[in-house]
Amino acid sequence: MSRNPKQFISTAGGWPASSATTAKGGLWSASPYEAIADATELASAVALELLKEVQCTLLKTTHGMCFSPYLEGQSPGDHVSEQQIRDRLTTIRPYTRWIRTFSCTDGHEQTPRIAHELGLKTLVGAWLGTDETINAREIAGLIEVARAGHADLVAVGNEVLLREDMSEDVLISYIRQVKEALPEIQVGYVDAYYLFEKHPQVTAACDVLLTNCYPFWEGCPREEAIAYMQSMFRRTQAVAAGKRVIISETGWPHVGTPFHGAVPSIHGAMQYFLDTCAWADTEQLEIFYFSAFDEAWKVGAEGDVGAYWGLWDKDGRPKFL
């Protein structure tokens, strides 16, 4: 996830407000309360019960987690070491079956191999943007990782259309390049759910649709969020023409400034995780939860909530175990 919140909410359009909330301009209205982000929130009986449920759910293992190995002080462009990747993957290994990666350069190309060594499956991504030289390196790295046998699925780009980093035609050319190089692996593209509706040629070019579904970034109150995410998923399914649809990102922050009706909180983050996993189990869905770890660098791109989406904190300490 890497987005300008204003860009996302203005292009996504709104859904009708429920009877419990009101909408302004198609967006969920601001909540009358603020996020609580201190230890007292975990002290209540309700929170303790939620905590037990989260622990049990994690111990049963999730389908997948979005994985980034950045440590404090690191950000995209910095080289990541094999040891930090291995340490972080070892931390989450007991709690997930798949990981999703975002890049195949600057050391990240080591992640899929290490994940396979630890018995995890991999959705391997190439990060594409406005720099053609970097794009070429990412595509080459993705192909190399996959040909070495360390990619179970591949993703060509992440939210490129959302950020308006390149045209539809250029994106499709990258997707086709990877498909030709990797005929035995399913190739997809990651973006916000509604962009698969807006770009049917991109949808057609993919073997699998990788849809990011974030009720939070559309200002949806936590109580309505799972129903809203289900609608996002169904909209992607409706244009998929029977292709496999995977939720490549979803989550809820536990700290930060409310975004319209969406309020970060420890309670909210735990309940959203539980509801997401329960829905995935009921319908046998493939969902990659965002994210494994908090990432401090995201504050610059996404505001104060950006650093607090992880199931583990930035230092690798579990929030809920």
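Author: The buried residues of α7 are covered by parts including α5 (132–147), β6 (153–158), α6 (160–163), β7 (187–192) and α9 (200–205). Covering goes by contact, meaning heavy atoms within 4.5 Å. Helices (H or I, at least four residues) and strands (E, at least two) are DSSP runs, numbered from the N terminus. This is a predicted model: local features need pLDDT of at least 70, side-chain atom pairs count only at pLDDT 80 or more, and totals for chains, interfaces and linings use all residues. Residues are numbered from 1 along each chain as its sequence is written, and side-chain values use heavy atoms, with hydrogens and water left out.

Reader: Which residues of α7 are buried?

Author: E168, L171, I172, Y174, I175, V178 and A181. Buried means under 20% relative accessible area, exposed over 50%, partly exposed in between (1.4 Å probe, protein chains only).

Reader: OK, rings. How many aromatic pairs are there?

Author: The count is 20 aromatic pairs. Rings of Phe, Tyr and Trp (its six-membered ring) pair if their centres lie within 6.5 Å; planes under 30 degrees apart count as stacked, over 60 as edge-to-face and the rest as tilted.

Reader: Why is the pair of W217 and W309 stacked?

Author: Because their ring centres are 6.1 Å apart and the planes are at 25°. W217 is in the loop between β8 (208–212) and α10 (222–239), and W309 is in the segment after α12 (299–302), 92 residues apart.

Reader: Are W217 and W309 buried or exposed?

Author: Both W217 and W309 are buried. Y272 and Y289 form a tilted pair, with 6.5 Å centre to centre and 50° between the planes.
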